[in-house]
Amino acid sequence: MSNYLILYSMRTKAIIHVDRFLGNLNAIRTRIGNERQICVSLKANAYGHGALEIAKRSQEAGANCFGVATVSEGIEIRKGGIKAPVLLLSQGHPAEIPRIIEADLIPFVSDIDFADELNKEASDKKTKLQVHIKIDTGMGRIGCLAEDAAALATHISKCSNLTLKGTATHLASSDSIDRQDIDYTKLQLTRFKKAVAAIKAAGIDPGILHAANSGGIVLHPDSWLDMVRPGILLYGFKAAQEYELPIAHMKKLVKCKALMVEPVMELVSTVALIKKIKKGESVSYGRTWTAPMNTNIAILPAGYADGLPRLASNRWQVIIKGDPYPLIGRICMDQCCIDIGPEPKVERWDEAVIFGSDIIPEDENFPIIMQSAAALAESVRTIPYEILCNVNRRVPRVYK
């Protein structure tokens with residue numbers, strides 16, 4: 001058996017559907033038009049999907065640049081051969097500046113002090129470093145105040161070894177259809193455009209303008225500007241649907257078809273063992289589940305260390321041969337159990353889908369099985385971002 005087949009058949013794995021990812025990327029390109037750039041977010045190992053592989057596939061498909069949260073993430077993809085621009089979206093530490101320059105990363109700059117630190121190191125290394133200004137228009141995290149943006153841009157323009165190549169902000173509630181959140185997004189964009197106008201009035205080119213995250217791409221055409229920065233949307237999830245918008249706002253999207261994306265990752269495990277359980281016997285830590293009848297259970301080599309939330313204990317299911325089977329007892333670090341009934345159809349070494357896409361049955365009399373990462377997230381009161389990012393690196397990624 002080849003190494004690929006061994007990897008593909010073993011234990012627990014994350015199947016990454018590259019065709020779906022590329023379809024999502026193309027859907028975003030169609031939505032925003034060819035004149036705008038796309039910055040693919042690779043934070044947190046590409047939301048658990050494998051940063052280097054996603055970067056390679058994105059670059060081949062025409063992505064313009066990449067976004068990372070840490071210097072180490074940027075270095076990882078540089079070592080993997082990625083040559084495209086890489087934005088450092090979070091605040092770097094002064095001690096990291098030599099590595100930022102060495103890896104040719106483009107840092108966000110929020111204040112004069114950090115600009116000076118960057119300029120000094122770039123001068124020492126006799127190089128020019130590209131930077132983007134980050135403006136806080138209402139997110140409340142990194143970024144200069146909108147009214148200070150022109151002064152920061154002026155200061156950067158006087159730094160001999162820095163080049164201003166872009167100006168950005170981040171939207172706090174662009175994925176919400178609540179009227180107050182829609183108005184807040186409009187307010188952020190107004191603040192951003194005013195700050196950009198002040199930079200231009202100071203005689204400085206603000207470079208590439210970018211604000212739109214996934215929510216902005218779906219719901220706010222005014223935020224698309226020169227470049228968009230999709231994250232969760234690329235990996236198959238939308239927080240809101242266009243048709244749910246208030247009528248007045250929806251008119252701006254009237255020329256746009258609904259943006260359709262598909263979940264890219266499936267988390268799949270294997271039935272490692274089947275055993276009989278008698279009525280009244282308990283399963284797993286804390287004895288939170290007791291057999292109501294004589295039954296059979298299957299043990300899967302997947303636990304919270306692999307990315308299956310412990311909070312999903314006794315409230316989630318896996319799919320085997322198209323049928324759902326409930327998780328029973330507490331999910332352990334490396335294993336979990338499912339009830340497969342007194343006369344099981346399940347066999348040892350069968351594949352078990354922990355999450356993937358929702359399953360729509362051919363027979364309309366049967367309900368849809370909500371099996372996506374979004375449904376799992378809802379069951380444990382979190383968001384699909386967290387489910388995807390928590391799939392541990394020890395879980396092999398298999399690219400299909």
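Among contacts in the protein (heavy atoms within 4.5 Å) between residues at least 6 apart in sequence, 66% join residues at least 24 apart. The structure is a predicted model, in which local features need pLDDT of at least 70 and side-chain atom pairs count only at pLDDT 80 or more, while totals for chains, interfaces and linings use all residues. Residues are numbered from 1 along each chain as its sequence is written, and side-chain values use heavy atoms, with hydrogens and water left out. Of the 400 residues, 52% count as buried, where buried means under 20% relative accessible area, exposed means over 50% and partly exposed lies in between, for a 1.4 Å probe and protein chains only. The C-alpha atoms fill a box of roughly 80 × 50 × 40 Å along the principal axes. The protein has 13 helices and 20 strands, which are DSSP runs numbered from the N terminus (helices H or I of at least four residues, strands E of at least two).

Helix 7 comprises residues 112-124, and its 13 residues should span 18 Å at 1.5 Å a residue, which agrees with the 18 Å between its end C-alpha atoms; the expected span is 1.5 Å times one less than the number of residues. Within helix 7, the residues Phe-114, Ala-115, Leu-118, Asn-119, Glu-121 and Ala-122 are buried. An α-helix has 3.6 residues a turn, so residues three or four places apart point the same way. The cover over the buried residues of helix 7 includes helix 6 (97-102), strand 5 (106-109), strand 6 (129-136), helix 8 and strand 8 (162-168).

Helix 7 packs with helix 8 at an angle of about 15°, their axes being 10 Å apart. Here axes are lines fitted to C-alpha atoms, for helices over the stretch in contact, and angles run from 0 to 180 degrees between N-to-C directions. The two helices, helix 7 and helix 8, are therefore roughly parallel to each other, given that angles under 35 degrees count as roughly parallel, over 145 as roughly antiparallel, 65 to 115 as roughly perpendicular and the rest as oblique. In this pairing Ile-112, Ala-115 and Asp-116 of helix 7 meet Leu-152, His-155 and Ile-156 of helix 8. The residues of this contact divide into four nonpolar, one polar and one charged; Ala, Val, Leu, Ile, Met, Phe, Trp, Tyr, Cys and Pro count as nonpolar, Asp, Glu, Lys and Arg as charged, and the others, Gly among them, as polar.

Helix 8 (residues 149-157) also meets helix 9 (residues 179-201), where the axes come within 8 Å and cross at roughly 40°. This angle makes helix 8 oblique to helix 9. Ala-149, Ala-150 and Ala-153 of helix 8 are in contact with Ala-195, Ala-198 and Ile-199 of helix 9, and by class this contact has six nonpolar, no polar and no charged residues.

Two residues other than glycine have a positive phi. Asn-45, with phi near 60°, lies in helix 3 (residues 43-47) and is buried, at a relative accessible area of 11%. Arg-287, with phi of about 50°, lies in the loop between strand 13 (282-283) and strand 14 (289-290) and counts as exposed at 60% relative accessibility.

Ser-372 is placed in the loop between strand 19 (351-355) and helix 12 (373-379), and is buried, with a relative accessible area of 4%. Its C-alpha atom is separated by 5.2 Å from that of Asp-358, although Ser-372 and Asp-358 are 14 residues apart along the chain. Leaving aside residues up to four places away in sequence, Ser-372 touches Phe-237, Trp-316, Phe-355, Gly-356, Ser-357 and Asp-358.
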